[in-house]
Structure formats: structure tokens, C-alpha cells
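Subject: The two-chain model, and what I found in it

Hi there,

Here is the structure I promised to pass on to you. Please open it alongside this email, and I will walk you through what turned up.

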Amino acid sequence: MAALEEGFTLSAVCLGAGPDGLLGVEQSDKTDQFLVTDSGRTVILYKVSDQKPLGSWSVKQGQIITCPAVCNFQTGEYVVVHDSKVLRIWNNEDVNLDKVFKATLSAEVYRIHSIQGTEPLVLFKEGAVRGLEALLAEPQQKIETVISDEEVIKWTKVFMVFRHPVLIFITEKCGNYFAYVQMFNSNILSKYTLLLGQEEKSIIQSFTASVDRKFISLMSLTSDGCIYETLIPIRPNDPEKNQRVVRSLLLKAVVSGNARNGVTLTVLDQDHVAVLGPPLPASKECLAIWNTKFQTLQASKELPQGTSGQLWYYGENLFMLHGKFLTIIPYKCEVSSLAGALGKLKHSQDLGTHAMPHFVNWETSQGCGLGFQDSEPSKRILRRRKIEVSVEPEHPASKQLLSTVKKDSEKHIEVEVRKFLAVKRTPDFQIVTGDIVTGLVGRCRAEPSFYPRSALMQLIQTHVLSYSLCPALMEVALEKTDVQMLQLCLQQFPDVPESVICTCLKIFLSIGDDSLQETDINMESVSNYSDTVQDEKMEEQTEIVQNGFSPEEDNRGQGESQAAAEEAASCPVIPKRAALLNAILHSAYSETFLLPHLKDIPAQHITLFLQYLYFLYLKCSENATMTLPGIHPPTLNQIMDWICLLLDANFTVVVMIPEAKRLLLSLYKFVKSQICICSELNKIEVSFRELQKLNQEKNNRELYSIEVLELF
Amino acid sequence: MGEFKVHRVRFFNYVPSGIRCVAYNNQSNRLAVSRTDGTVEIYNLSANYFQEKFFPGHESRATEALCWAKGQRLFSAGLNGEIIEYDLQALNIKYAMDAFGGPIWSMAASPSGSQLLVGCEDGSVKLFQITPDKIQFERNFDRQKSRILSLSWRPSGTHIAAGSIDYISVFDVKSGSAIHKMLVDRQYMGVSKRKCIIWGVAFLSDGTVISVDSAGKVQFWDSATGTLVKNHLIANADVQSIAVSDQEDSFVVGTAEGTVFHFQLVSVTSNSSEKQWVRTKPFQHHTHDVRAVAHSPTALISGGTDTHLVIRPLMEKVEVKNYDAALRKITFPHRRLISCSKKKQLLLFQFAHHLELWQLGSTVATGKNGDTLPLSKDADHLLHLKTKGPENIICSCISPCGSWIAYSTASRFFLYRLSYERDNISLQRVSKMPAFLRSALQILFSEDSAKLFVASNQGSLHIIRLLEGSFKHLHTFQPQSGTVESMCLLAVSPDGNWLAASGTSAGVHVYNVKNLKLHCTVPAYNFPVTALAIAPSTNNLVIAHSDQQVFEYSIPDKQYTEWSRTIQKQGFHHLWLQRDTPITHISFHLKRPMHILLHDAYMFCIIDKSLPLPNDKTLLYNPLPPKNESDVIRRRTAHAFKISKIYKPLLFMDLLDERTLVAVERPLDDIIAQLPPPIKKKKFGT
């Protein structure tokens, strides 16, 4: 699982960063040390682990740094350009930038790239690229113009491919984007036109790219908030021709498009991207890690003081400007297992009664983004071959529904949703459903009065939603304390986080009985306990007497526990609350993550819940199969697990409260008596086993017999 | 097929002897196994682990060591102080030679196979030269203080290691002097035991000596310096045996707790050249002491007091999933120990030193499938016939009429006449057996009990006419010129005209008994014959081989029958071919030549030749009873193989009459109950 750790601020002093933010953060030749160039005159070398600057250099007043300082990994020197044309090279010992090596170039520099394993590469604004060594040998050499007049370089990056640097830069001209790939081993420059597909209006706000053996995967974040991927071959088929590449949708609506400070995107590894920007138009800026393969949000962090819309990623650290301070958030992506991702699975019984929601099939969903509807699994290679395929229009009905969701009344939405659910499911059904729910929830957030409850319920019952597909849904339900919705979510979602389970539990325990009575809760997991209580009580008593094994000193305890048992025999909660709590008992969790949250529940609620669990436990032990009556009751294991969990989490608290003390005591007595029964059963089992053995021997040990055998 | 009354016999109180030594021969892929009663068995690992030869035991000849030398010559040595060489062709003992060192505890053949080394009770290590037809004493090595319990040659042949009590000696072969004496720690789990017995040593080519001892240790010694290199404590009881693979990359040890441990030479880290001996796999296939282990290229072989021979394939060495990839546990001999008189309903049981004659019971009741019928008369033990002398019985037979019993040991042949007078039985030995009738490998009476056929270990077949209380030698078929192979399986046709005899490898010979001539020879097949029978009226010879193939050969036509060709063309059902015990007996009922009864240790089958053959898609064996009448008919006519697995382990099965079967079972639990108690190990929870 990818996770963001607690961030820290790098410099105590406020950087002289203007509204444009920083010019850049670059690695130095020593690990853990980074060159930070602000948009004014200063370059600072930071040591991240110490959180302090090691050196600072400034250009003279009147000069301005135009390109972030980089480190020449081959010599260990630093290189910076100021006033677009003046190159400065210095090292750690130098104090004053005025006195270091200076070279004035004949053309304006856009960027200097420096990566491990090669000399720094200087990209000029006109698109030409030179190695630093060659440039320094003859600073005034003529620099040719590569790109046309109106083209402006928007973004650039350099990679090492087979130990040779490959430089890519994107230019823009009148809303059209072009990618240039410069190979240095063969000195080939190839030009590609980026086709934007149908969303012509959207402006690309940020680029990032990663490389594998054959392709540069260029990701772009557009103003509609979606991430698109474009695959650019490293080795062009025909370098002379102007080639065109299409982009495919990778992730939808990860940020709000019209952010003030712009949004940015950085690829972290094969499957993860970091996105900086506000997730919703109104909300604060947020750093989010998305898994592109599963299309899930892995981690996010709110940055309330705003950012400059810039993000750098080196090693395991994400660098950004948070407010006025340079902030570093360490990012970790551990190897994840499916079991770890899912936590404790739901009880297998659930599988029978409720279909498990399907997980997002990333292959079809990506295919949908591209507009394919092919039946065979569209593997990456397949996708690449079909890059040139034009984009089909998206499913119109769902589009219409999406717009309905944004504007219309609750009643109308409900009707539309019903219509949508009635038609045959398309392959992108899951995505569309997710989009609708996201849209609805977004609107709920924006308009407090808007809450299309029945539409949402219908959508949840499609079994295709999961918590990670629409995390805000449960949040909204929690805000509105809509217990019915929460119960449904707990029943339908396989991946509700432990913290949310616990919040639900809190609400279920604290909500008033009268408000519960008004709600319409699914009661199938609760059978009418109170009816059976009376007649079964009698049976129970005789049963215990009949056991007749209880030693003398336990008799007293038994009597007490029986009294307590009688007390517990009436359900401590009303059936509706019981149904809600059963939904909690049924949900999947993993103990480690649940325990800390359980500690936050108030003591009297813990006691109530324990009472209820004790009641269920007693009910379970009333019949031989140790099950509860009803259609979908909690199992004994679930009850036991939860008792243990509650006691584990709140033991000290529970021990202190007087009313819980009595409960604990009777619980203990009951458990003890159960253990007694079990040990007796153990003995009986052994006797039966001997009996069985004797029986077998009798069958087998006959030395001679005449039998009838019929052969067929 | 219909209903049968089955006499289910469990009173055959047979207990196999414990395994004392195993020796694997790489050249022929054969395994020699010696048992505590002195029996030596040869298993052919290439022929489906068939026990193709055996040498009967002898009371005074306790084998302590067994080894192959000079290619495929087999030697054993024992506590009577003799070294014995076995004749694998004639199936007898070639010679026995006293080593003059008291009881022999260990023996090892040199890597070249030309020398034999024995370790004796008096502490001497004696070197013998193996000559083409004998062995010759060469010299003694330095005499040690106590008995030499284990010996191992260095693969280069320059040194030997000898395990004694409390120490291991390393000898230089050239000089015969001990160059190192490596003392073994007596400490056992912190307690000092009286003695530490070195049960086994193995000398590796790099000079390492591995020893296993009574304190539960496996120790690695450097023979150049005489120092202990490494110590593995693997058991709370004795480690009794060790065997190293030819590549010296793995070895196996057996402990008194019944556990077999596999050690392997593995790299310390991946892709490093430094290697280390690591205990990799424990196997618990035995309940008692594992007295002997062997290491074939693909399997670990172990045997011990619990009488099982266990062949555990090393899965990493097995390339294809076939027969050889399965674990084998061989408990019962692959030959018949029981004969039956159909007429009188008698069973003759053969034990190592006595014979038992039982009369089967009877019932008048009838019942349906699965019923046990009430007995009107219980089975009766009629006779207990003890052999004279120390030799084990090789074979025995009762005549179909029930009035003759014949058996043979390695040196004497006995024939008895039985007479029944109401409840009394009198037994009269037929004396003055001719000189040529000294030892028989197989005895058979003709169907009318008038003739006796004896396969002697010189390869000849004798025919004897039995008269009231006497006999007359009719003829002797001499072996084919140039062969000395003994015949160990005989079959006679019910009309008494044909006699079929088979050795272990060459084809089956069919003799005409009337004109006393060799009639024909069934073409040799590359797997040994496990059972033979001649069908009534048709005179078709049915032959079962150890690869589970069954052939039918028409004796009058001198060719395979049409049915046999069909089944060979179509192939047997794959489940039939996957059975892992050989067919040990084939039988017919006189009136039903179309029905062949055959059985192995875990099933019996009646083949109805009139029905279609099963193919791989049909269900060969359906243990469930049929549900309704149409199902009964469907199954009855489905295919020719009518199989039942109700009786197991099945040692003998025969048709007493058309609707009566006799099945002799020997439940494993009964055998275990008669073994000495195993070392008690604490189990969790007890």
C-alpha cells in the first residue's frame, strides 16, 4: 500500500518565493542533499535528513535566475543560468556567485537537465539541445532553431534509456501540443503531435512521464481534472514524418479543473501517481496518491495553506511549497498483498446471500477510456497497437444521467437512476455508477439540502460499488447520521476502512431509540429474540441441572451466573439497533487497524455493546449447533472475535466502571461454565472414541467369516 | 457376474521378518534385502519393484551385512562368522566361507569391486580378494580393541573408515595400519551413556567421514587430521544406518525412532560455491527401528524392524510423473504362501518353519450382498507341521484332493500322505525320496492329484507319478542347453496335458506332459512373470507380468489369442496399469474358461472375456452398490473387469466352486500387534 508519512518543513525561514513558487528542486551529487532554486535570486543546498541548509548562493541584485540550478554529477559542480543567457558554474567552496566561472551564451536557455550517468544537457528556448561540455568549449556557438515561431516549450524531462540520455519536451502552439524526443546516441529528433481527442477545450495543466524499454509514457493532467496517458515510442518508426499520438484516459476527475494555483502531477512508479490540487472545486488543496492500475485513491493529505501547484519527487520524498514553506512528505509504497488490502474477509456465509461487489477491472476500464469494447483482455501491448484508433463517443445515456445528477431535482434523479439501472449493464457500468455516485455525493456536499437518499440506496444495491470507489458517500451518510444507508454500505462494501466501521459503530450505539424507530432498517439478521426468551429460559435451567457435573464450590457461582444469564436473556438493545450492530459484526476488518479506533468509544457504549454481544453469546449457546436463529445472523466466531476485541481495546476502562464490572463477572462465569462443559465434552469424546474403536475391532477382528459378495 | 459366498480368512498368522540390510546395485538397478531370519530377497527396481528372486533363510545364519561386488555378485556375512556368496542364476548359495574372526558385523566391497572387507567381533578387519569363482583371504588390518560394526571405503580406494565402539578408525589400505583413531563423545543429552556404538560410517572422496551412532548423532570428521568437523544431533535414540548417493551430494540416515532423514549438500547462499551439509527432509514411514537404508539415484530406500521396505522417490530427481514417482511400501512377499485344496476346502499356510492346514467352515444360510452369514461349522485347524532342521521352507503345496502335502527346504524335499478318517487325520511321510529331489523352488500337483511337478534349483523339472503311499519318477525335463536359470513358477492344465514353467527373465516354456516334450516357448517379455495359469478346456495360458500386463497364449495354437491381441491393441485401463502390487495368483473355475480370476494385494478381479474391454474413459472400478435394477444390468454388462477391493491386504484368493471364493487377508494391524513395541515417543497432548 502506498502511504504518505508525516511531512516536515525544510526551512524555518520563509523563502523569497513569489507567487510563482520555486524554480525547481534538483538532486545534488550526495544523497539526501537537494538544490532548491527560488524564483528570485537564490540557490540553497539543503540536507533533508537534518532539515537544514548547507549552503546558499545568490546572484547580484538586478540579475535574476531563470533556470533551476542543477548539479553536474560528473564533476560535482553546480550549474545555474541567470538572465537567460549567463551560465555560472561553482562548487561548495565558492561563496560568491559573482566570482565563479561565467559563460555567456548566444541563445536563451530553457532548462539544464542533469541526471546520473551523463553530462548536463542544456535545452534552449528554441528547442536545440547541447551537452554542457561542448557548450563550454565554445560558449558563443550558434544555436539553431528547432521549433517554429509560435511554439513555446511547456515542459521537459530527460531519461536514461540503455545508458543513453533521451530528452523529451512538449511545446504548445495555439492550443495544440507537440512532443519532441531527442535521442543522443543516434542524434535523432522526432516530433509527435499530441491528439487530444474530443475534449478539445481542455487545457493541459501538467505533464509527467516515465519510461520503460520501448515507450515513454507521458501523462498529462488536463483542466477537466482527468489524467490521460500517451505512449510515445522511444525509437521512432519514421523520424522524418510528423507522427501523431493519441492519449487514453487513465484516471477520471482526480482534481477539480479550475483550481486557482493550478494542479500538478508526478508519476511515482509504475502504478502510482501523485496529484497535487483540490479534489473538489470548493475544497482545499490536497496531495493525493492514486493507483492507476486499480483506479483507487491510495492516500491523501490536505494542504490547507495552499500550494504553488508544483511538485517534485526524488527518492522517497515529495517536495512542495506548502504556504510559504518548502515541505517534504515522505512517500512509501510497500509491497501489498491482496489479503493485506482486503483485511479480514467477510464471513463466507455472506457470499451466499449477497453477491460480492466486483472489483474494478482495470483492463476494461482502461479500455473504456480509450473507447474499446473488445472482448479479449486488452493488454498493454494491445493497447499500444491500437493507439491510433480514434476515440468513440462515450455512452450517451450515462453522460446525460451525469448531467442530470448535477442539476435536477431529487425526484427526477431517482427516476433517471431507476431507468439507468433497468437497462442492460454495459462494460463501463461500474465506472458510470461510480461517477454518478461521486456526482451525487459532490452535490450533497455543495448543497446541504440535497440528499437523494433512495437513488443512492438503489445505486449501492447494484453490488458494484466499493468504499474506495466513492469514499465520500459514507462520509456524507455519517454526517447525516443516516443509519440505514450506513447499514447498507457496511453490508455491500467489501473494503470499508476500520476507522469508518468504528465511526459507524459509535453512531449505532449512540443514536437515540426514538430516532431509530422512525428509520426503516433491514432486520433480516435479527430474529425476534424476545419471543423465544421465555420458553427457552426454562429449558436452559433444566439443562444446567441435568449436566450435574458442577463441583461443590462452583455451585454458588453457577447460581449467580444464572441470575446474570437471566438478566442478559432479555436483549439489551432494541431490535433495530441490534440489526445495525449485526451489520458491524458482519463487516470485514483487520484487528490491528480496528483496535486503536475502538479505544475512542465512550465507556457506556462499550458496556452496551458488550452486553449485546454477551446476549448473543448466550443465545448462541442455547442450541447445539451454536448458531443464532434468523436469515443472516452473526456467527459465534464473529461474536467471540468482537468480545475479545472490545475487551482488548478497553480493558482498563471497562474494569473501572461499576456497571461493566458486573457484566464482566457474569461473562467470566459463563465462559468458565462453558469451559467446564467443553472439558466434559472432551472426556465424553474420548470415551466415544474408544467405543468406536471397539466397534471397529469387533468388525475387523473376526478371524473367519463367510460373507456374500455380489460382483457387478 | 453374480453373487459369491466368500470365505473371508484372517487366521493366517503370518508375520514377515524384519529387514536387516539393504544393498542397492546401480548397474542392474536391483535391490538386495536381507531379513532377520536370513532370507535374502532381490527386487528389480526397473520391473516395478518386483521381488524376482529370494534365497530362503536359515536359523543360524543371521545376516549382518550385505553387499554387491564385482558387478553383480552378491555377498552376505553374518553372526555365524561366514561370508556367503549367492548364485543369482540357480537361486542357491554358491559357497560359504568362514572368515575366522568370530561373528561378522560389517562388510564392504572396495570401490573397484575386486576386494571385500569384513569387520569381525574380535576387532579384526580382514581383506579378501574376489576371484572369478570364489573369495580368497588376503590380509588382516591392525587389530582393534572391540568389534567392527561398520566399514566404508574411501572412493579412491586408499583408505577405509571402521566404526567400532566409542571410536572410528581410519586405516591406510596399503599398509593396513590405523592412521587415526577418532573418539566419539559418549555424552547423550548431557548424560554419559555407557558406550557409544558407531552404527554406520561413510567415507567421502574429499576425505570426510560421516558417522552415525547410538547417541543419536550424525558427525562429520576430517580423516586427514582426525578431527570432528560438524555434529548434528538428530534423534533421541540410535541412528542405525547411513547411505550416501554416488554423487556424494546427498545421504540418508535411519533412526531407531523410525525416522529417515535426508541430508543434502547445498550452497550456503545462492550462487556461492561454498557448500554445506544440511538436514533437509525427515520422513516418518516406519514405526520401528530403521535398520538399513540405501540411496538409489532417484530414491531413498529404507527398511527395518517393522518389516516394510519403503522406497521414497526424491521428487527433484524424478523427471516424469509415473510409477517411480510414487511412494512404495512393500510388506508382503510377491509369491504365494498359501495353497488350497478345492475338493476338501483345505488351506495350507506356509510359514518360515512350519505349515498349517486349515479346514474351512460352512454355512447353510443365504443372504444378499454384504451380509455375513451365520456359520454352521467354524474353520478348523487340522494340522501343524514343523520342519526338521534350521532351514526355512522355500515352497509348499497341497494336492487338489487334499491327500498329499509336499514342501521343500534348501536341502530337503518332503512329501506327506494325508488320510482322513472321520475327525482324525493321519499323516504319513513318504520316505526314500530320490537323490535328485533335494530342493525345490516350486511344487505343483496336477488337477487329479495323480502327478507331482517339481521345479528344482538346477533348472530341471521333475514329473512324479503319485500312487497310493508311494511314487514313481516319470520324467525330468532338463533345462535348455546353456541356461541355468531356475524355474520358479509352474502351471498345469486342468486336463493334465500341459505344463507351463517360467523363470525370472526368459520366456515361459510349455511342455507336453503326455509325450514328455517341450511344446513351445512363449516369446520373452521384458518384465518378469508374476503369475501363470492355464485355462480349462481352451488350454489358454494366462500370464501376468510385473508391469501389470496380462497376456493370453493359446497352447494348442502356439500363438497369442485373439482376445489377448485385442487387449494389447487397445491397451489396459490406466488405473489397471497404475496398481502397485503384482498379480500373485491366477485361477479358473473348471466350468467357466471365459472367466479369469486374478488378484494382487489390494484387489481381486474376475475378467469376463465375453464382455467389452474398458477404455480409459470408462469407470474401471465402482465401489458403490448399484442403485436400481437397470443400474445392475448396466454395470454387469459394462466391461470385462469386475473388480472388488473389499479384501485387503489380500494374500490369496481362489475359486472353491462356481459360486464360492476363498480370500485370505492379513490385516496390517495384526502384524503390527505382533512386532516388538516401538520406541515410545511423546506425542503432543498425551
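Two strands count as paired if DSSP finds at least two bridges between them. With that in hand, look at strand E26 (residues 260-267) of chain B and strand E27 (residues 275-283) of chain B, which pair in the antiparallel sense over eight bridges.

E25(B) and E26(B) make a hairpin with four residues between them. In its turn sits B:Gly258, with a positive phi of about 90°.

Before going further, a word on confidence. This is a predicted model, with ipTM 0.84 and pTM 0.57. Chain B has an average pLDDT of 89, and 97% of its residues score at least 70. For chain A the mean pLDDT is 77, with 79% of the residues reaching 70 or more. Among the elements of chain A, helix H3 (residues 348-353) has the lowest mean pLDDT, at 38, while helix H12 (residues 498-510) has the highest, at 90.

Now to where the chains meet. How many residues of chain B are in contact with chain A? There are 38 of them, and they touch 14 residues of chain A. Together the two chains bury about 2,400 Å², of which 57% is on carbon and sulfur atoms. On the chain B side, the residues that lose the most area to chain A are B:Arg8, B:Arg10 and B:Asn369, together 23% of what that side buries.

Which residues form the salt bridge between the chains? The count between chain B and chain A is one, and A:Glu707 forms a salt bridge with B:Arg8, their closest N and O atoms being 3.1 Å apart. Side chains of opposite charge can pair when their charged atoms come close. Across the interface there are also twelve residue pairs in polar contact, with both residues at pLDDT 80 or more. Several elements of chain B give two or more residues to the side that touches chain A, including strand E1 (2-9), strand E55 (604-608) and helix H4 (668-674). E1(B) gives the most, with eight residues. Sorted by class, that side of chain B has 16 nonpolar, ten polar and twelve charged residues.

The chains also meet through strand pairing. Strand E29 (residues 704-711) of chain A pairs with E35(B) in the antiparallel sense, over two bridges. A:Glu707, the partner of B:Arg8 in the salt bridge, stands opposite B:Thr372 in E35(B).

Turning to salt bridges over all chains, the count comes to 33. One of interest is in chain A, where A:Glu172 and A:Lys154 form a salt bridge with closest N and O atoms 3.6 Å apart. A:Glu172 lies in strand E15 (residues 164-173) of chain A and A:Lys154 in strand E14 (residues 152-161) of chain A, so this pair ties together parts that are 18 residues apart in sequence.

Finally, two backbone details to look up in the viewer:

- The peptide bond from B:Lys648 to B:Pro649 is cis, with omega near -10°. B:Pro649 lies in the loop between E56 and strand E57 (650-657) of chain B.
- A:Thr481 is not a glycine, although it has a positive phi of about 40°. A:Thr481 is found in the loop between helix H10 (471-479) and helix H11 (483-492) of chain A.

Happy exploring, and do write back with any questions.

Best wishes

Conventions
Residues are numbered from 1 along each chain as its sequence is written. Chains are lettered from A and ligands numbered from 1 in the order in which they are written. Side-chain values use heavy atoms; hydrogens and water are left out. Contact means heavy atoms within 4.5 Å. Buried area is the accessible area (1.4 Å probe) that two parts lose on being put together, summed over both. A salt bridge is a side-chain nitrogen of Lys or Arg within 4 Å of a carboxyl oxygen of Asp or Glu. A polar contact is a pair of N or O atoms within 3.5 Å; within protein, one must be able to donate a hydrogen and the other to accept it, and residues adjacent in sequence count only if both atoms are side-chain atoms. Ala, Val, Leu, Ile, Met, Phe, Trp, Tyr, Cys and Pro count as nonpolar, Asp, Glu, Lys and Arg as charged, and the others, Gly among them, as polar. pLDDT is the predictor's confidence in each residue, from 0 to 100.
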